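Hi,

Here is the structure I promised to send over. Have a look at it first, and my notes follow below.

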Amino acid sequence: MHLVTRIVRVATMLAIAASPAAAARRKPAPALDEPAADSARWAASFPVERHVLPNGLVVLMHEDHSVPTVTFWQWFRVGSRNERPGITGISHFFEHMMFNGSKNVPPKEYDRIIEANGGDTDAFTGLDMTAYYEDIASDRLEVLLRLDSDRMASLSLQPEMLKSEIEVVKEERRLRTDNSIPGMLNEQLYAAAFLASPYHWPVVGWMEDLNRIARDDCVAYFRTYYAPNNCILVLTGDFEPRATLAQIAKAFGPIPAQPPAPTPIVAEPEQRGERRVEVHYPAENASFQVGYKVPGATSEDVPVLRALGAILAQGESSRLYRALVYEKQIALDVGSFFEVRLDPTLFELTVEMKPGKTAAKGESLLTQTIDRLIEEGPTERELLKAKNLLEVDFVRSLKTNNGAGAQLASYEHLFGDYRVMFGALDKLQAITVADCRRVARMYFDPLHRTVAVLVPESQKPKASAP
């Protein structure tokens, strides 16, 4: 789950993007009724230029003059997957530090400068990557290039800023994990499911590691992972490609490449039985999360797993929602989460029980629902609905500069080639009921399942032993 830590919204930018005239001028994303064979035509109508600077920096550019704005993404190939015990959380820590001063930009000035120019900035850290973006009027692009190249070349890492910002990260951990039932459950789910994979530790890091991260760790980490040859720049929106590429090369080209970052070692042994973990915490309702081991991005089964997530738990007509919330009325809510990642990961299902209903009862009904799906498969209507939901989400993401940039960066990062994006709808539409049964049978195996259960406890303190 991504940790979004910085949000700045500017009303004037939103007004430009949302105006009817601007919407009317914007190029349409691929129509929902276009057949898969039209993916080549879609690629031709969605122009993207890919360049690699001499220092290894990958630059993707999608030109669209529908509105006078641009989105600038910097997508670094580093996340908690690249850490090691002792410095867990350092990737997320750097997400904070990138806003805290560089050679020519004093601490706390980055946000102020972008806001003063009518811009909007945000960042997030995941298991596989750390991403930064800015939305701004197209005539202010030079401001972004100046600020972002400066921090890539010469982030300050001043001791006093490191010391103060690590306290902000620790407080975020307390808020999002230590005092959050979903956060605690998810952290324990991954810690139990993975033994040797770097997905074992949380993105925010273990608290004791946050307490011991040193400046030398930060300097070495920055030099290795924030090098231009470990970054994907994506620019979408209103710009002239030739002139803008020259600007990017002038700003980022002088930054020297570094030796390639080491590839994380993934030596996860086969799971040979269900794993369970309990979290005891003062709460009114029981809840639980279930994680099934599933493959990484390069597997052909990934689109089917996404469809199964929609069939099981997306919307009130999904199987688990109908079974647990409507029919048996034992749960308040259900959900699914599956994020495509570089390495084998988890297909997650979450259930929040009604007061007085046990997690065991919810687990039993969830298992029965999944077993029925494996045996019978989804109906054609269910599969069509899932395809429609996923296709609409994908197409909508391409209707904004920001969403299009995120998709391009994600596909370039996960597959090494943004053009894989143009075949995504083909693969989605090709899914059959038989595919769903096969994939569900293969991965929804109880022996490869991990369960994290919240055990509600009274909020009254227990009497101390004599």
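Phe76, Phe94, Phe99, Tyr110, Tyr132, Tyr221, Phe222, Tyr225 and Tyr226 are linked into a cluster by ring pairs. Rings of Phe, Tyr and Trp (its six-membered ring) pair here if their centres lie within 6.5 Å, with planes under 30 degrees apart counted as stacked, over 60 as edge-to-face and the rest as tilted. The whole structure holds 24 aromatic pairs.

A word on the ground rules: this is a predicted model, in which local features need pLDDT of at least 70 and side-chain atom pairs count only at pLDDT 80 or more, while totals for chains, interfaces and linings use all residues. Residues are numbered from 1 along each chain as its sequence is written, and side-chain values use heavy atoms, with hydrogens and water left out.

One of the pairs is Trp75 with Phe124: the ring centres are 6.1 Å apart and the planes stand at 85°, so this pair is edge-to-face. Trp75 sits in strand β4 (residues 69–76) and Phe124 in strand β5 (residues 120–125), so the pair ties together parts 49 residues apart in sequence. Helices (H or I, at least four residues) and strands (E, at least two) are DSSP runs, numbered from the N terminus. Both Trp75 and Phe124 are buried; buried means under 20% relative accessible area, exposed over 50%, and partly exposed in between (1.4 Å probe, protein chains only). Tyr418 and Phe422 also make an edge-to-face pair, at 6.3 Å centre to centre and 80° between the planes. Tyr418 is buried at 9% relative accessible area, and Phe422 is buried at 8%.

Next, a helix packing. Helix α4 (residues 90–97) packs on helix α10 (residues 215–225) at an angle of about 85°, their axes 11 Å apart. Axes are lines fitted to C-alpha atoms, for helices over the stretch in contact, and angles run from 0 to 180 degrees between N-to-C directions. From α4, Ile90, Ser91, Phe93 and Phe94 meet Asp217, Cys218, Tyr221 and Phe222 of α10, where contact means heavy atoms within 4.5 Å.

Finally, helix α18 (residues 433–443) has Val433, Cys436, Val439, Ala440 and Tyr443 as its buried residues. They lie on the same side of α18, because they cover an arc of only 130° around the axis, taken from the directions from the helix axis to the C-beta atoms. Among the elements covering them are β9 (287–294), α12 (302–313), α14 (359–376) and α15 (380–397).

Best wishes
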